[in-house]
Protein chains: 2
Amino acid sequence: MATETPAGELVDRLLAGNRRAAGQVISRIEDESPDVESIMRGIFPHTGNAYVVGITGPPGAGKSTVVDELIRVIRASGKRIGVVAVDPNSPFSGGAILGDRIRMMRHSSDTGVFIRSMGARGHLGGLALAARNTILVLDAMGFEVVLVETVGVGQSELEIAGTADTVALVVAPGMGDGVQAIKAGIMEIADIFVVNKADHPQANKTVADIRDLLRMEIAPRAWTPPIVKTVAIRNEGLEDLWIRTRQHRQYLERSGELENRRKLRLEAEILEIADRRLREQVLEPSTETEEFQQLLDRVVHRETDPYAVADRIVPRPGLGGV
Amino acid sequence: MATETPAGELVDRLLAGNRRAAGQVISRIEDESPDVESIMRGIFPHTGNAYVVGITGPPGAGKSTVVDELIRVIRASGKRIGVVAVDPNSPFSGGAILGDRIRMMRHSSDTGVFIRSMGARGHLGGLALAARNTILVLDAMGFEVVLVETVGVGQSELEIAGTADTVALVVAPGMGDGVQAIKAGIMEIADIFVVNKADHPQANKTVADIRDLLRMEIAPRAWTPPIVKTVAIRNEGLEDLWIRTRQHRQYLERSGELENRRKLRLEAEILEIADRRLREQVLEPSTETEEFQQLLDRVVHRETDPYAVADRIVPRPGLGGV
């Protein structure tokens with residue numbers, strides 16, 4: 001194995017805009033390398049400037065093309081843009097998943113664009129955390145906009161999309177369960193609806209369906225999500241999508257909702273780090289005691305149950321708190 | 001809303017074999033109803049008897065047909081069988097996802113078969129836990145075999161498949177990335193490989209590819225995974241798959257590996273319950289203090305970082321342990 005570059009050096013290079021260093025840092029994040037914490041501590045003070053846009057939706061809606069064309073529109077406005085394409089169903093990372101090979105080639109000479117694909121790499125857990133840290137890396141590198149594209153509307157995808165400031169949900173007409181799929185709990189995360197393939201005869205029907213679903217929502221929304229029609233393969237409607245995204249950003253900023261959302265996300269991040277520590281420092285060591293192993297044997301033989309043993313590790317009155 | 005049946009009563013009915021009670025219990029598990037813990041405590045003493053088989057693999061490999069035909073073979077051997085079909089990308093639950101409508105109709109008059117579909121229901125997290133608890137429900141009802149089918153090879157799917165005693169990984173020839181997809185970390189969880197659609201001209205190539213991949217593995221295996229060829233739509237090879245599954249079970253039992261695996265899973269389950277309690281009793285209350293809110297503000301303004309604040313909640317030397 002090659003000698004590893006020290007974390008501090010990588011961070012310095014990355015902050016200076018070195019793309020190779022960024023790639024190496026993201027690989028370490030994905031590999032859950034032991035120096036991730038020190039890397040992220042070095043990066044964190046330089047974050048908070050990028051505007052993060054999530055693009056999600058069921059497979060087949062044309063998200064990839066929407067993202068491609070949105071890159072073009074955002075670049076035309078002069079902004080530098082980082083893209084994280086996340087596919088929890090792909091075991092591949094770093095290279096080309098989705099339609100990324102073409103996308104990467106198209107933008108390969110443009111230093112104002114940085115594209116990274118992330119898959120699950122076959123190991124469990126950690127993809128959402130890796131995606132969040134990668135967004136911070138691109139933020140620290142000075143990209144003014146970070147697009148996060150997720151494939152599908154599964155749990156990991158929604159979790160990742162939920163870390164964006166603005167979430168665009170892309171659907172297409174005539175997909176059968178296109179609008180059905182957004183009914184059940186996915187609606188709520190959308191700030192903007194995109195009806196792609198809007199030249200399809202059923203497009204207006206899809207728009208009307210979304211409007212109906214929005215009308216039926218019980219929880220009131222301070223921001224009424226616009227419905228944008230696009231034909232991404234013909235470059236139509238993307239300017240409109242970008243205008244709507246900026247309008248949503250203005251709304252978030254003026255209402256104080258942007259700071260509010262970001263604060264809540266940072267709170268969740270702190271709790272997750274603390275939770276990881278509790279697991280490593282309290283829970284995992286607790287399994288090594290003789291007492292625990294005896295209790296575990298009793299669980300195996302159904303003489304007690306997992307909840308009763310958990311009660312012994314974390315007594316009901318709590319550990320005393322902070 | 002209708003009056004809710006008390007948890008204890010539902011558990012009694014379920015243990016007596018009442019399918020409607022089982023359906024209601026599983027719905028409460030999916031809804032994360034507050035009485036899930038008391039339900040699971042009632043069920044747990046009656047579990048540990050079912051043999052759990054996971055069926056996983058990339059979309060398009062024909063898993064659903066393999067499961068259908070495997071149900072037939074297992075029923076022919078006289079065993080009662082419960083099936084949990086999990087699709088993290090589906091927002092639907094309880095009803096028909098995948099090809100389940102047909103499957104459910106086919107077996108609707110057979111009280112020796114119980115089939116339940118689970119989707120993500122649009123909310124984040126909890127699907128793997130819900131699937132594990134549902135397996136316990138079917139186990140407690142006296143089903144001798146529980147099949148767990150997962151769609152795709154994403155994180156949640158692998159996590160769920162990993163709770164089975166025997167995991168069969170279904171691939172099909174000519175899928176392009178079929179064997180590619182199993183390269184990266186998914187191989188390891190397979191106890192049996194199933195090459196479905198084995199009448200395809202590329203089938204032997206796929207078998208050879210899997211054999212090569214197995215040969216290249218670094219971690220030694222005590223059990224060499226057999227490669228079973230099936231043509232599920234023509235009912236071919238399923239008896240062989242069931243024989244191999246039973247052989248794997250015998251191997252696990254004789255080697256002590258079955259008890260070992262199940263013990264490790266119970267340990268993980270206890271830690272997860274304890275972790276949930278720590279979050280509710282230690283972490284979440286800690287955010288309500290004045291001190292935490294001031295620290296959070298400093299994180300928002302990049303004067304400190306999330307790791308430093310986590311250090312304050314969980315000091316490095318630990319909370320003292322058990």
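**Exercise 1.** In this predicted model, find the residue that follows helix α1(B) and has a positive phi.

*Solution.* Go to the end of α1(B) and read on to B:G17. The phi of B:G17 is positive, near 95°.

**Exercise 2.** Work out how the buried residues of helix α1 in chain B are arranged around its axis.

*Solution.* Start by locating the helix, which spans residues 7-15 of chain B. Next, pick out its buried residues: B:A7, B:L10, B:V11 and B:L14. These four cover an arc of only 100° around the axis, so they sit on the same side of α1(B). Now turn to the other side of the helix, where B:G8 and B:E9 are exposed. Finally, look for what covers the buried residues: the cover includes α2 (19-30), α3 (36-43) and α6 (127-140) of chain B.

**Exercise 3.** Repeat the search for helix α13 of chain B, and find which helices its buried residues pack against.

*Solution.* Begin with residues 306-313 of chain B, where B:P306, B:V309, B:A310 and B:I313 are buried. Looking down the axis, you find the buried residues within an arc of 105°, and therefore they line one face of α13(B). Then follow that face to its partners. In chain B, the buried residues pack against α11 (257-286) and α12 (290-300). Chain A takes part as well, through α11 (257-286).

**Exercise 4.** Describe chain A as a whole: how many helices and strands are there, and what percentage of its residues is buried?

*Solution.* Count the elements first: chain A has 13 helices and 7 strands. Then take its 322 residues, of which 46% are buried. To finish, consider contacts with a separation of 6 or more: in chain A, 74% of them involve residues 24 or more positions apart.

Technical notes. Residues are numbered from 1 along each chain as its sequence is written. Chains are lettered from A and ligands numbered from 1 in the order in which they are written. This is a predicted model: local features need pLDDT of at least 70, side-chain atom pairs count only at pLDDT 80 or more; totals for chains, interfaces and linings use all residues. A residue is buried if 20 or more other C-beta atoms lie within 10 Å of its own, exposed if 12 or fewer, and partly exposed in between; C-beta atoms are placed from the backbone. Helices (H or I, at least four residues) and strands (E, at least two) are DSSP runs, numbered from the N terminus. The arc is that of the directions from the helix axis to the C-beta atoms. Two residues are in contact if their C-beta atoms, placed from the backbone, lie within 7 Å.
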